[in-house]
Amino acid sequence: MPETIRQSPLHDRLNSEPLPAADLSAARLGAVGICDVSLLPKLGVKGTGAAGWLAEQWLKVPEEVYASAPLEAGGLIVRLGADEFLIEAGSLDESLAALRERMPGDALHVAPVAREDAGLLLVGPRATEMLLQTCGYEFAKSPDQRFVYTRIAGVSCGVLPQQILGNRGYRIWFDPSYALYLWETLVEIATELGGGMVDAAGMQ
Amino acid sequence: MPNRLPERDGEWIDRSQSVRFRFEGKTHEGFAGDVLSSALWANGVRLLGRSFKYHRPRGIYSLAGHDISSMVEDAQRTNLRGDLLPIEPNLDVRAVNTAGSLERDWLRITDHFGRFMPVGFYYKAFHTPRRLFPLYENRIRKIAGLGRVNPKGHLPPSAKDYAFCDFVVVGGGPAGLAGAIAAAEQGLKVLLVEEHPHLGGSLLWQHARDEAAREQLKDLLSRADALENLTIRCGTQVAGWYADHWLALVDAERLTKLRAMCTLVATGCFEQPAVFGNNDLPGVMLSSAARRLIYLYRVRPFERAVVLTGNREGYGVALDLLQAGVHVVAVVDLRANGEMSDLAESVAAAGIEIFKHHAVYEAVASRDKTSVVGAILCPLNEQGGPESIGRVKLSCDGIVMSVGWTPASGIAYQAGLRFEYDERVEQLIPESESDRVFVAGRAAGVFDLESQMEDGRRAGLAAAAACGRFEGDIPERPVHTGPPPSHPYPIMPHPGKKNFVDLDEDLHLADFKNAHQEGFDNIELIKRFTTVGMGPTQGKLSNFNAIRILSRLNGATINETGSTVSRPFHQPVSMAKLSGRRFHPMRHTPLHAQHLALSANMIHAGSWLRPEYYKIDDSSRADCILSEAENVRSGVGVIDLSTLGKLHFCGPDAARFLEQIYTGTFSEQRVGRLRYALGCDEQGIIIEDGVVARLSEHHFYVTATSSGAAGFYRDLQRWALLFEMDVTLVNETGHLAAINLAGPKAREVLRSLSDFALDDDAFPYLAVRQGHVAGAEALLMRIGFVGELGYEIHIPAGTATHVWQKLLEAGRELEIRPFGVEAQRLLRLEKGHLIVGQDTDALTHPYEADLGWAIKAKKPFFIGSRSLQILAARPLARQLVGLALPQSSKVPLPEECHLIIEDGEIAGRITSVAHRTTLGQPIAMAFVTPEMASPGREVTIRVAGGKLLVATVVPMPFYDPENSRQKVAD
């Protein structure tokens, strides 16, 4: 059986140009850098029994809707609704696969949700300014780690404000079929602001 | 620059930066900070443009953005206002709406025919004969109008952004500054928006001679600067106020959508002109324009001036002019008693003659009619009208009008406030304020400088209280005392000359009298008939005089007459700003790059991009499509179906919920099996179809149409709430890819890649299985939309490229080929499968589409069940049938939507058609009347060019009616 190869929805787009050198990434991060993190494994859990089942798995389940919490093994869990959760691993390992394996097979009260979301990080002092050109939500009033559903450049997105590299940054998830469009749109604006695409390595 | 005055503190020009620019082909020089009009005036150029209708010469009038007769255009842009346009190197502009040149505009001849073109003459003169109307329209549009859009021009898209604040203050004058500071001091996040490049408002020109006022401005600016929570945006217009406290801000770079908790309208007033003969000549200007020239741009407006006034300000202007080196010939005061203040004494002491209870009756034009050479004054009678005796002619090159104000109230009106006329100030003032929208300063009828700032502070504290940041007492609004700042009727009839009321539309006093005589005696009616206030300034300098005139004609008060409605935009906004950066979200399947690599011709399908067909060397589109279809029929093809809606229904009530959504039954559906699902709305109209796969007792996986999935999922969520069912809905449309492997050799390709048992017993037709394909977790459905053995492979989007490549690799020896949307449409048409939205419309119910079999009417309830019961009892109005089209005919074959004609009447339409098929026979699907639906019946189709083509009704499906191809065993 051949081995499965997962690709980011931006795989071909990102392969069409070389990754920016470290100094260029650093310069872009001085304004706003955009980084593709779509390949981080994700898992959705939904259903009236979702919260209880996740607690049984020894996960720290956020109590409030739109709250998020870090996972011990890295990554985070976000409560998207009363009965819906998003879990994103902190690295490319397969730790979520085991969790997925343990889910009840009948989907009676707990249903698995395929989460192939495109994932972007917006990082840098002008990240909020870039969002203001694309989104009608006032992120300045939104606390860190508090999830927000909104639309960015016309695309429904989930946004988690975070402190990244000493600045207010944003982790964005959205339907992967919009990845190419939203990437092009955000990179165009970021470039005008003095930023642009950065390599994930530049985020370290 | 012969008219440039010496340097002075507070001027807006930067004398260290000389700027050369071109106007009407001639080079001029100004300073950075000049606008076009000020720079030209400084150079002695007074002819700045031509008027809209009569092509009369025009110069500076307001110098506040309302001089629409001095609009210019360059190679890219048009309708740029000369009184707002900053000069810059390489600026090269010419006046709009001229024929020949500005000076020699040959259309100025129309001015001589004014008497033959009374208001409304267009409506009366040009509607007959009807055939000539296009000619009239074309000519009128060329003669009257503004700038011309250059269709070849290209401006880069401007950005749009959002902004948020607690309190937005519109206007950076004394009231606005005081209000912004007061609110910011209470902790509000304040945004102060000023349309001009500098803060200060009327302090910069109206009070410029007053040293104390200048110090007050410095103090306000210093305090504002110290407040970190007070943001200032100069050079920014507030173009409109919208519901929920959204405001549109426009600056040179972008349009900002601002959300504010509270709004203060501190926009001041528009100075209003007087109406007298030739009151539009270059050299006749508002006092505020003269003061702006003097104090902001340091330009001497005239050599010799006459000041026409009806208020105290006129005397101040006379002194300003005097100080600027202008010889003030006279102050002409409309009021019987003139001015009683110290200002009048100063004017008299300066030797300026004062004519009380007089008016300027006429501005005397130069021989070429491009400038003022004198003013004819007349005494006034007891009613305030001009006397015919005792007239005086004075020599001058400028006439300054200072007769009153009207509030810049557009934003306040849009925010829902109402205004009423107050005789204490002879202007409109707000009836009241709302709890979050305030008006302060001159816009509210508060004219004393200290009172303006006091009023601003009041509004700032009120806003702070509304936001919960201030709990003290809010002071009362100061009340105006003393003579009114506006004259109640600064309008002098002049039967021999044009005396303009609206310079935008070239409307003069007689136009209003004529309109009134014709019965247009209501302000809204007279606006439409005369077009007053419908020009680019939207009546900022004309509406109130029009109201005064109509009031007098009707013998009514101003309040009885009322005013017209103010709508956004308050100021003109360029189309480039409105369009801004375009956000048109486009969806790509995870296989998009693969399609491009395979030379796909991509088409838009709703919000998706899909391969229409795959190009093969020099083959035509039709050949490519047919070739792809034939390959599916004879071998194996693969198509990207990732656009399909992909939904999960989970939970104890999942089956019951499905049965209420769709027309079919699902409770008894076996796990691992598929069923067709048809969805209707409450009227029984077909809105959706798809396939329901039962994965477990409480888990169903459902496909939905590509274009309808998003809306359908929203409806499902609503129904789930309304039905109060324990069902969990999941939309995985974009998260999963789907690939259909179809054709008699499909099983052979799949076998080498999957861990499924694929023999017919283990995986029969209409079964669903879960496993792996090419190592990727996959869900397979054996269905045959295209009429062949087929497997729909649903996989995580991230693995789609890998699986697609492996399928092509595995099928290489079997000559597998991808096929596009068009080949799929052809194949399914041959199979007689309809596409919802193409073969159905907004009125199609299942019985018309031969889908009655999909309705399980014995269920207690499903959406549309009641309507379908009624429809089932009625005779059909139309039926979907198959048509065999002639293989060879001189008449062209029909296209989709061509009509079927019976006895000269429309009897149906083509919904799908294929000119070339794998059957060797052109076919179509069409709606016809039931009488025409019998196989063998001939129908007539009106095709391109109106020709008629005869086709024959045939049974569907056209291909494999026994369904043996889909069910083919291993």
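**View 1. The overall form of chain A in a predicted model.** Chain A has a radius of gyration of 17 Å, which agrees with the value near 17 Å that a compact globule of 204 residues would have; the radius is taken over C-alpha atoms, and the globule rule is 2.2 Å times the number of residues to the power 0.38. This is a predicted model, in which local features need pLDDT of at least 70 and side-chain atom pairs count only at pLDDT 80 or more, whereas totals for chains, interfaces and linings use all residues. Residues are numbered from 1 along each chain as its sequence is written, and chains are lettered from A and ligands numbered from 1 in the order in which they are written. Along its principal axes the C-alpha trace of chain A spans about 50 × 50 × 30 Å, and the chain contains six helices and 11 strands (DSSP runs numbered from the N terminus, H or I of at least four residues for helices and E of at least two for strands).

**View 2. The surroundings of Ala127(A).** Ala127(A) lies in helix α5 (residues 127-132) of chain A and counts as buried because it has 26 C-beta neighbours inside 10 Å (buried means 20 or more other C-beta atoms within 10 Å, exposed 12 or fewer, and partly exposed in between, with C-beta atoms placed from the backbone). Leaving aside neighbours within four places in sequence, Ala127(A) is in contact with Val32(A), Leu122(A), Asn167(A), Arg168(A), Gly169(A) and Tyr170(A), a contact being a pair of residues whose C-beta atoms, placed from the backbone, lie within 7 Å.

**View 3. The contact between chain A and chain B.** Chain A contributes 38 residues to this contact and chain B contributes 41 residues. On the side of chain A that touches chain B, β6 (111-113) and α6 (179-192) each supply at least two residues, and α6(A) gives the most, with three residues.

**View 4. Two helices of chain B.** The axes of helix α17 (residues 621-634) of chain B and helix α22 (residues 821-830) of chain B come within 8 Å and cross at roughly 60° (axes are lines fitted to C-alpha atoms, for helices over the stretch in contact, and angles run from 0 to 180 degrees between N-to-C directions). The contact is made by Ile625(B), Glu628(B), Ala629(B) and Val632(B) of α17(B), together with Glu822(B), Ala823(B), Leu826(B) and Leu827(B) of α22(B).

Conventions. Two residues are in contact if their C-beta atoms, placed from the backbone, lie within 7 Å.
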